Amino acid sequence: MTFSISAPICARISARALLLPGLALAALLIAANPHPAAAQAASSSSQNQGASQSAAPTDPERPYIVKDGRVDFHTFNGYRRYGDNCLRCHGPDGAGSSYAPDLTDSLKHMTKEQFEETVINGRKNVTTATENVMPAFGTVPDVVENLDDIYAYLKARSDGVLGRGRPKRLDGED
Amino acid sequence: MTTKNRLFAWAVLAAGLSGAVGLRPAVANEELEKMSQDPKQWVMPAGNYANWRFTELKQITPENAHRLHPVWTFSTGVLRGHEGGPLVVGDMMYVHTPFPNKVFALDLNHDGRIVWAYEPKQDPNVIPVMCCDTVNRGVAYGDGKIFLHQADTTLVALDAKTGKVIWSVKDDDPAKGATGTSAPLVVKDKVLVGVSGGEFGVQGHVTAYNIKDGSMAWRAYSEGPDDQLLFDPEKTTVMGKPVGKDSSLKTWEGDQWKIGGGTTWGWISYDPKLNLVYYGSGNPSTWNPTQRPGDNKWSMTVFARDPDTGVAKWVYQMTPHDEWDYDGINEMILADVKVHGQQRHALVHFDRNGFAYVLDRATGELLEANKFDPAVNWATKVDLTTGRPEVVPQYSTDHNGADHNTKGICPAALGSKDEQPAAFSPVTGLFYVPTNHVCMDYEPYKVTYTAGQPYVGATLSMYPPPGENNLGNFIAYDVNEGKIVWSDPEPFSVWSGALVTATGVAFYGTLDGYLKAVDVKNGKLLYKFKTPSGIIGNVNAYEHNGKEYIAVLSGVGGWAGIGMAAGLTNDTDGLGAVGAYKSLSNYTQLGGVLTVFSVE
């Protein structure tokens, strides 16, 4: 169950890993070390299929659940992981900083694949005029394992269904 | 110094830079000390060793300040956040930039013509390990050399006349997350430099290099065994008593001190009479306090060290076991002032944690610690006998635990004041302090350490104090009475270093781009000018050809650029509500420009 979440990325990463040796490690880490919290959430959601509280989102266009400003566990986890790995450049709530783009805007134009590709491989834009470096997160398990959740959170922000600040959780734990 | 040498030093002053290159190091330092007393020049980051940011120049006064205007400008060609300020040595001005860390030597005799420009080649992979933009807080001068502390921690000595590299040394390893952002300080025959990377678990240190050849003279860590700390367990004191053996090791679990932070990215000051240098250490790593039990010494600490040996004379830890990211790196201002009516040789420090600490700078005795922003709520007071803050459990992120969102803590992690240095006027005896007025929610959670990856472990949201919407104040502060004398509210945090003149004008810059001059008596605005971008640089003064000038770098960025570019989050802004947050991006865009002002 946990695995079905990251399997598609995993496959893509493994394919890419042929080109980028560093990434093989990331793929291995995913395989060997599923995130315990995600595992827990996933198993609890399979137990209460009917309860809106912890149901996993099904629509690939809307990989989140937002109800009355409250979000599912994955989206919340994405908010946190975003805070740990992305906020220092992309600013609070994905809203951009003085040097990294507003991701709520980016996701209006980017596909999920393009998003993943940018985060895994990074991007350097260093010229005489700019010094922008988006780091490659392909070997950072915290990011790779939680990328679906980070995407879900940012997508909810980008779609305008989730406001700024720390979202409240549907399962009631604030 | 012999009479002959003294005469020579004065001759050097008169002739500006020429001749300085040939001096011997020890003499060069006395030369530098003298130069720092010459109000026409601005030869070290804070103007003088005592970190006053004060000028004795008297042409600009409260009466004529309204006639100030920009007289020349210079674009650095670099976009990211421009902290620090220019040096003026003789007829030359030295301007630095954030990554790629260019240095320009400008000829003041020819409208700022570029005499030389230096641009190091650095691996751009250092950019993403700089926590809060690619800032640099300025260069240092001494012995005819300009010292640049690059992002990749290389310390390079450039010939002040030609820009040629004389020597260069690597201070630490960016692959581990160690970076260079702070300005070096030349003391005697050494140049001292700190390190950044508290968000990457770097073990902080200050290192002294011999200015002659760049060889290492000493290195003092912020945490670890006594020989790494350069502590003498019997002679190094805290609160008047010997620190004892293993004073740091005892306050960490296992080997955590090795990735313990306590980085040293702020300012350094120096008292030549006491022969002591002073600086502060930053947050312990991670930001999750539950993961690192103990006081985490000596993070968050004021250090007084012998500049010749590095050995610590005394230490004082302001925020034991930090739970809020209140780095202790802000400048230590050395001022002889009245404290409770008694004249003292004080060290005054406006800490991130919102308390203004006053210590005896010879002994480290804690004289006073009062809040310099009334919003500060994480502690009720600092106990002057134990030196410890009385933490309010409601705002203790450790007490409330990991995965719990502790709300309404003031100040926010960016502190009641960050690195932006305050100014001290020996004329008024008051301090002029740029402050942040921001609160936060803070939720720690477990993180694992990976070398070169952020080691943070807390989610934050920031907002103005309840019922207010100004995110900053520029204040005048009196340490004698421990109180704010006046306070000018600003819509955004005041993130620029201040300057105060002997005539009674205080200067600061704002994030929305204004250079402001205010009357030190009451804070009344005398002059403002909107520079091309937000100001996070420090305001400096100098005189050239008989005219007084004020110089400041604009170029928004730094932590302020991250936190405020898109506006702060409104606490209650659950779902798309139009919150009380303001977007800095509505006011200013990137770009480094130096603007020089005078009254005609």
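Predicted model: local features only at pLDDT ≥ 70, side-chain atom pairs only at ≥ 80, totals over all residues.
## Extent of the interface

Chain A brings 33 residues into contact with 41 residues of chain B. Between chain A and chain B, about 3000 Å² of area is buried, and carbon and sulfur atoms give 51% of that area. On the side of chain A, the residues that lose the most area to chain B are A:Arg88, A:Glu131 and A:Arg164, which together make up 26% of what that side buries.

## Polar and charged pairs across the interface

Ten residue pairs are in polar contact across the interface of chain A and chain B, counting pairs with both residues at pLDDT 80 or more. Several elements of chain A each supply at least two residues of the side that touches chain B: helix 4 (73–85), helix 5 (87–90), strand 3 (123–126) and strand 4 (131–134). Helix 4 of chain A gives the most to that side, with five residues. By class, the side of chain A that touches chain B consists of 13 nonpolar, eleven polar and nine charged residues.

Side chains of opposite charge can pair when their charged atoms come close. Over all chains, the whole structure has 35 salt bridges, and three salt bridges are found across the interface of chain A and chain B. A:Arg166 and B:Glu443 meet through their side chains in a salt bridge, at 2.7 Å from N to O. A:Arg80 forms a salt bridge with B:Asp403, where the closest N and O atoms are 2.6 Å apart. This pair joins two chains, because A:Arg80 lies in helix 4 of chain A and B:Asp403 in the loop between helix 4 (397–400) and strand 28 (406–409) of chain B.

## Helix 4 against helix 9 in chain A

Two packed helices are described by the angle between their axes and the distance between the axes. Helix 4 of chain A packs with helix 9 (residues 147–158) of chain A at an angle of about 95 degrees, and their axes are 7 Å apart. Angles of 65 to 115 degrees count as roughly perpendicular, so helix 4 of chain A and helix 9 of chain A are roughly perpendicular to each other.

From helix 4 of chain A, the residues in this contact are A:His74, A:Thr75, A:Asn77, A:Gly78, A:Tyr79, A:Arg81 and A:Tyr82, and they meet A:Asp149, A:Ile150, A:Ala152, A:Tyr153 and A:Leu154 in helix 9 of chain A. The contact of helix 4 with helix 9 in chain A has six nonpolar, four polar and two charged residues.

## Backbone features of chain B

Most residues other than glycine have a negative phi, and most peptide bonds are trans. The peptide bond from B:Lys297 to B:Trp298 is cis, with omega near -5 degrees. B:Trp298 has its place in the loop between strand 19 (276–280) and strand 20 (301–305) of chain B. A cis peptide bond also runs from B:Cys410 to B:Pro411, with omega near 0 degrees. The loop between strand 28 and strand 29 (423–424) of chain B holds B:Pro411.

B:Thr153 is not a glycine, yet B:Thr153 has a positive phi of about 75 degrees. B:Thr153 is found in the loop between strand 9 (145–149) and strand 10 (154–159) of chain B.

Key:
Residues numbered from 1 in each chain as written. Chains lettered and ligands numbered in written order. Heavy atoms only, no water. Contact = heavy atoms within 4.5 Å. Buried area = accessible area lost by both parts, 1.4 Å probe. Salt bridge = Lys/Arg side-chain N within 4 Å of Asp/Glu carboxyl O. Polar contact = N/O pair within 3.5 Å; in protein donor to acceptor, adjacent residues only side chain to side chain. Helix = DSSP H or I, 4+ residues; strand = E, 2+ residues; numbered from the N terminus. Nonpolar A, V, L, I, M, F, W, Y, C, P; charged D, E, K, R; others polar. Axes fitted to C-alpha atoms, helices over the stretch in contact; angles between N-to-C directions. Parallel < 35°, antiparallel > 145°, perpendicular 65-115°, else oblique.
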